[in-house]
Amino acid sequence: MEKLRYERPIIKKLNTGFVNKFGTQTKNEVVSHLEGASVKELIHQYGSPLFVISEKQIRRNFQHASRVFKTRYPKVQFAWSYKTNYLNAVCRVFHQEGSWAEVVSGFEYEKALGNGVPGNKIIFNGPDKTEEQLILAAQNNSLIHIDHFDELYMLIKVSEEFSLKPRVAIRVNMDTGIYPKWDRFGFNYENGQAWSAVTKIIHSGLLSLVGLHCHIGTFMLETAAYGIAATKLSELAHKIKANFGLAVQYLDLGGGFPSTNTLKGSYLPGTDTVPTIDQFADTISEAILGAGFDQEELPLLILETGRALVDDAGFLLGTVLANKRLSDGRSSTILDIGVNSLFTAFWYDHKVTPAQEGGQYTEETVLYGPLCMNIDIIRENISLPLLKRGDHVVVHKVGAYNMTQWMQFITLRPNILLLDQNSHPHVIRQAETLNYLQSGELVPEHLAKSSLS
Ligand SMILES: *Cc1c(COP(=O)(O)O)cnc(C)c1O
């Protein structure tokens, strides 16, 4: 017979009959396995903390989103947003599914080439493109999305110098009813700046205007905003057609669809409140189909959705280091997962589940990370079974932005595993070592010798 698990005693105020905002207390959810792979085993083999990405879930998300859009609009192309998660293995899963690449920096551009994406299927966004990068992108026939007038003038200059005719779009910002407005990227629609950029491009004769782009925000909860954006881009396309006889080939509606994470401060969990991808697809396709394009000039719809396709494919496994009573009497639990690797803990109340059975009692606790930094908090308040040192936990929906925005601070970054479609684990990024960390450091001659002995 298995030894019973020791449960430490707790003192708890009885509120019999009370319900919380989700009804009566539900049974504690335990997640001991990810797609059949044991959390305990994975940690034993690959260390703690440990990022785990499900290839199956990425493909499922992509195929679902693709089907949802393609059943509503005849011409759809997805482009994977590299900054959301640019691990090569992750990008390659998206490219295998048919996604182009959407990049916002020179090194992301090179990563996309390295992942086998043909130049003409790379979209180059962002306010920071150097002259060299613009030349390379133009030579590769990539889609260059112009962000500001200085970039436009630079591109005109190099196109003339190097006899290039780059394919370009402009990024357009606009009032979509969401405030504060995202007006720092691209050219404004309402004040005529976007139109001015269009006319400069066409009159230059040196650039080929093939598309119009916008990316109106991130974790957007209003589908209507996309309807407004699609309508305004369509109006701009019509105006270009009417004035210059030029039919733009595509409208790129960017990304920004929410994942099912729960934003901090929201009353209900994300799973209950965020619109589905179907609702976004309905709004966008209705707006473009209703905008009066000739059948043969219906633009390709490009989507650069990032977060919504990868967030729930990522998990962060960790271990309890200690329990501690705070001076005000609250309980706290220290995990080996810090905000340096879980950057999104600043925005989300992540779902955290124990990886082993923990008895029937629960306790409200603060989940701290291991850093010597006061703001290292994973959850400010969560109800969990009584965890003890050495127990494991799973943090859910961490696939977006964590593996690109993480910081090397105090601890080294952990292994990242990909569970393939047969649940076989593959290390896709090795845990950092002190050597890796110091590889770029140099010690000046006069500091070579320590005077302490
Ligand atoms: C970040 C970004 C995306 C992806 O945004 P999500 O909110 O993750 O969908 C798409 N396009 C551009 C231009 C971006 O900067």
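Here is a short chat about the ligand site and a few local features of this predicted model.

The model is predicted, so local features need pLDDT of at least 70 and side-chain atom pairs count only at pLDDT 80 or more, while totals for chains, interfaces and linings use all residues. Residues are numbered from 1 along each chain as its sequence is written, and side-chain values use heavy atoms, with hydrogens and water left out.

Me: Which pocket does the ligand sit in?
Reply: A molecule sits in a pocket if more than half of its atoms lie within 2 Å of its grid points. A pocket is an open set of points on a 1 Å grid over the protein atoms alone, where a 1.4 Å probe fits, with protein on both sides within 12 Å along at least five of seven lines. On that test, the ligand is in the second largest pocket.

Me: Which residues come nearest to the ligand?
Reply: Being near takes a heavy atom within 4 Å. There are 16 residues around the ligand, and those that come nearest are Lys83, Thr218, Gly256, Glu304 and Tyr401.

Me: How far is the polar side-chain atom of Thr218 from an oxygen atom of the ligand?
Reply: For a polar contact you want a pair of N or O atoms within 3.5 Å. Gly306 has a backbone N or O atom 2.9 Å from a ligand oxygen, and a polar backbone atom of Arg307 is also 2.9 Å from an oxygen of the ligand. For the side chain of Thr218, the distance is 2.5 Å.

Me: How much of the ligand's exposed area does the protein bury?
Reply: Areas come from the Shrake-Rupley method with a 1.4 Å probe. Taken alone, the ligand exposes 390 Å², and the share buried by the protein is 95%.

Me: Why is the pair Phe257 and Phe280 stacked?
Reply: Rings of Phe, Tyr and Trp (its six-membered ring) pair if their centres lie within 6.5 Å, and planes under 30 degrees apart count as stacked. The whole structure has 20 aromatic pairs. In the pair Phe257 and Phe280 the ring centres are 4.6 Å apart, and it counts as stacked because the planes are at 25 degrees.

Me: What is the peptide bond from Ser48 to Pro49, cis or trans?
Reply: Most peptide bonds are trans. Pro49 is in the loop between helix H1 (39-46) and strand E3 (50-54), helices (H or I, at least four residues) and strands (E, at least two) being DSSP runs numbered from the N terminus. With omega near 0 degrees, the bond from Ser48 to Pro49 is cis.

Methods: A polar contact is a pair of N or O atoms within 3.5 Å; within protein, one must be able to donate a hydrogen and the other to accept it, and residues adjacent in sequence count only if both atoms are side-chain atoms. On a 1 Å grid over the protein atoms alone, a cavity is a set of points where a 1.4 Å probe fits but cannot get out, and a pocket is an open set with protein on both sides within 12 Å along at least five of seven lines; lining residues have an atom within 4 Å of a point. Rings of Phe, Tyr and Trp (its six-membered ring) pair if their centres lie within 6.5 Å; planes under 30 degrees apart count as stacked, over 60 as edge-to-face and the rest as tilted.
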